[in-house]
Amino acid sequence: MSVGAAALVDRVGQSWLSRTSGNGEVHGQELAILRRLALISSVALFVVPAGLSFITSPAVALPAGVATVCAGFLFSAVGSIALSRQRPLARSPEAVVVEHRDLMLEAAFGLVLLLDPQGNVTTVGGRDRSEFLSWMHDPTGRGFVEQIHVSDRIVFLQAIDVLRQGRDAYGADLRLERSAVVGGDEQFVHIRMELTARRDGEGRLTAIIAQLRDISQDQKLREDAARKTAEAESANDAKSRFLAAVSHELRTPLNAILGFSDILSGEYFGKLENDRQREYVGLIRQSGAHLLSVVNTMLDMSKIEAGRYELLLESFSIEDSISTCEAMLGLQAKEKGLTLTSRIQRGLGDIVADQRALQQILINLVGNAIKFTDTGGAITIDAALTDGMLKLSIGDTGIGIASERLASLGQPFVQIQNDYTRRYAGTGLGLSLVKGLVGLHGGSFSIASAPGEGTVITILIPFDGSGVAAMQPVDVNRTVDFPPRLKHTVEIDEGRNKEGMNGPAKAKIA
């Protein structure tokens with residue numbers, strides 16, 4: 001009986017709702033409201049008249065109760081249906097998931113692929129789908145894997161395996177083959193593929209979302225940058241080889257010039273006729289010695305840049321090195337009217353370093369200070385021990401350097417160009433050599449200067465020699481070519497022909 005009553009309510013309700021909905025559509029939610037109201041009203045038909053009979057006579061209570069229940073049913077039905085139609089209908093979670101997935105497939109940038117756990121494509125989407133499919137074959141099924149470059153397929157399979165092992169996301173760079181090469185297009189397109197795993201409640205991999213982006217332009221820029229870097233390194237290596245070769249070739253005739261000029265000035269094979277001849281021989285000897293100093297500096301710089309400069313560590317007194325420097329350059333400073341002094345911390349002790357290199361650092365820095373300080377100026381050499389570091393400071397009251405030009409000092413063949421410095425000879429290698437020698441000792445180099453106020457150069461070197469990098473053992477039986485030759489030239493040429501290599505390979509000095 002209850003089933004028949006419910007069917008009667010559904011038929012009457014559908015007939016009424018179809019006429020009032022406007023589009024003839026009847027929602028199950030509205031029918032459910034009518035069923036609940038009909039059930040409540042059927043109970044109220046007995047309860048309300050019975051209650052009224054206690055207040056008034058049964059002849060009045062029965063029609064009044066029935067009328068009240070019917071009116072309440074009608075008002076409740078109309079109000080509930082109207083209120084439900086003003087609220088949007090609730091959608092099932094499955095419908096929401098499907099809608100979100102479709103939105104992702106259509107709106108996400110690039111090409112979006114849904115893969116099964118074996119890597120087969122089940123669905124294709126993405127905002128740029130039409131652009132990708134214009135040069136690709138159909139990627140569904142195994143079509144995507146077959147378009148991957150042969151050497152990159154292992155990368156794709158490894159990415160799938162990483163997700164199977166528990167990773168939630170993974171990225172890889174691949175090359176996809178074009179279906180047809182037109183004009184100057186490359187046969188393969190470089191893409192970046194981002195993979196995201198989808199798992200069930202037990203953590204098993206059920207699907208993979210792959211988002212593809214074309215990175216051909218980025219790859220081209222990287223290749224151009226790598227090629228230019230390799231060319232710059234090759235040019236730098238060639239420059240170092242050239243300096244080494246020129247320096248070596250110049251030292252041989254210079255030794256002869258210096259030797260014969262010493263013989264002439266000593267008048268071992270006969271007296272010179274006049275003082276003018278003696279003066280000329282002295283000038284030849286002085287110019288040759290200066291040129292030899294420049295050549296030696298160039299050779300040392302080429303060794304440092306090629307990584308072939310070997311430090312010979314030994315224990316020696318820094319005070320003796322400073323005294324030697326003062327003895328060598330004191331006369332030059334005195335002739336120019338300069339005061340050269342030194343201040344050494346008491347009990348400084350012996351330092352562990354390359355004595356020749358440290359002596360060269362002092363001579364270069366003090367020589368520069370003398371060159372760029374006017375008559376009446378002063379030059380000081382300070383030495384002290386600070387936190388296990390030897391601190392050497394060479395200060396002068398010379399012309400100084402503008403702050404915007406300090407950064408360029410210390411670069412090979414760079415001089416601060418102004419009317420003053422152009423009057424003095426130099427290669428611009430002095431400070432560069434000093435920085436290189438300090439760097440080999442594991443130290444630091446700093447300059448503080450101001451135009452017209454002078455310059456202070458400070459050097460910090462580990463006192464115990466701990467900053468010197470360990471030297472590689474040298475095979476004394478190995479034949480060494482000079483000038484140095486590029487290492488592994490044949491191997492580099494073969495490497496350029498290998499698949500996937502772009503641009504020239506790096507060259508190193510042997």
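**Exercise 1.** Is Asp224 buried, partly exposed or exposed, going by its relative accessibility?

*Solution.* Keep in mind that you're working with a predicted model here.
- Step 1: look up the value, which is 25% relative accessibility for Asp224.
- Step 2: hold it against the cut-offs, where buried means under 20% and exposed means over 50%.
- Step 3: 25% falls in between, so Asp224 counts as partly exposed.

**Exercise 2.** Find out which residue pairs with Asp224 in a salt bridge, and where the two sit.

*Solution.* 
- Step 1: start with the idea that side chains of opposite charge can pair when their charged atoms come close.
- Step 2: the partner is Arg227, with the closest N and O atoms 3.8 Å apart.
- Step 3: check the cut-off: a salt bridge needs the nitrogen within 4 Å of the carboxyl oxygen, and 3.8 Å passes.
- Step 4: Asp224 and Arg227 both belong to helix α8 (residues 216-266), and because they are three residues apart, about one helical turn separates them.

**Exercise 3.** Follow helix α8 onward from Arg227 and name the other salt bridge that Arg227 makes.

*Solution.* 
- Step 1: Arg227 also meets Glu231 in a salt bridge, at 3.3 Å from N to O.
- Step 2: these two are four residues apart in α8, again about one turn of the helix.

**Exercise 4.** Describe the salt bridge of Asp218 and say how exposed its two residues are.

*Solution.* 
- Step 1: Asp218 pairs with Arg213, and their closest N and O atoms lie 3.8 Å apart.
- Step 2: Asp218 has a relative accessible area of 34%, which makes it partly exposed.
- Step 3: Arg213 comes out at 36%, so partly exposed as well.

**Exercise 5.** How many salt bridges does a search of the whole structure find, and which residues are linked in a network?

*Solution.* 
- Step 1: the search turns up 15 salt bridges.
- Step 2: Glu267, Lys271, Asp275 and Arg278 are linked in a network of them.

**Exercise 6.** Work out where Asp464 sits and what its side chain touches.

*Solution.* 
- Step 1: Asp464 is in the loop between β12 (454-462) and α13 (489-496).
- Step 2: its relative accessible area is 52%, so Asp464 is exposed.
- Step 3: the side chain of Asp464 makes a polar contact of 2.9 Å with that of Ser466.
- Step 4: look further along the chain. Ser315 is 149 residues away from Asp464 in sequence, yet their C-alpha atoms are separated by 8.8 Å.

Methods
Residues numbered from 1 in each chain as written. Predicted model: local features only at pLDDT ≥ 70, side-chain atom pairs only at ≥ 80, totals over all residues. Heavy atoms only, no water. Buried < 20%, exposed > 50% of the residue type's maximum accessible area, 1.4 Å probe, protein only. Polar contact = N/O pair within 3.5 Å; in protein donor to acceptor, adjacent residues only side chain to side chain. Salt bridge = Lys/Arg side-chain N within 4 Å of Asp/Glu carboxyl O.
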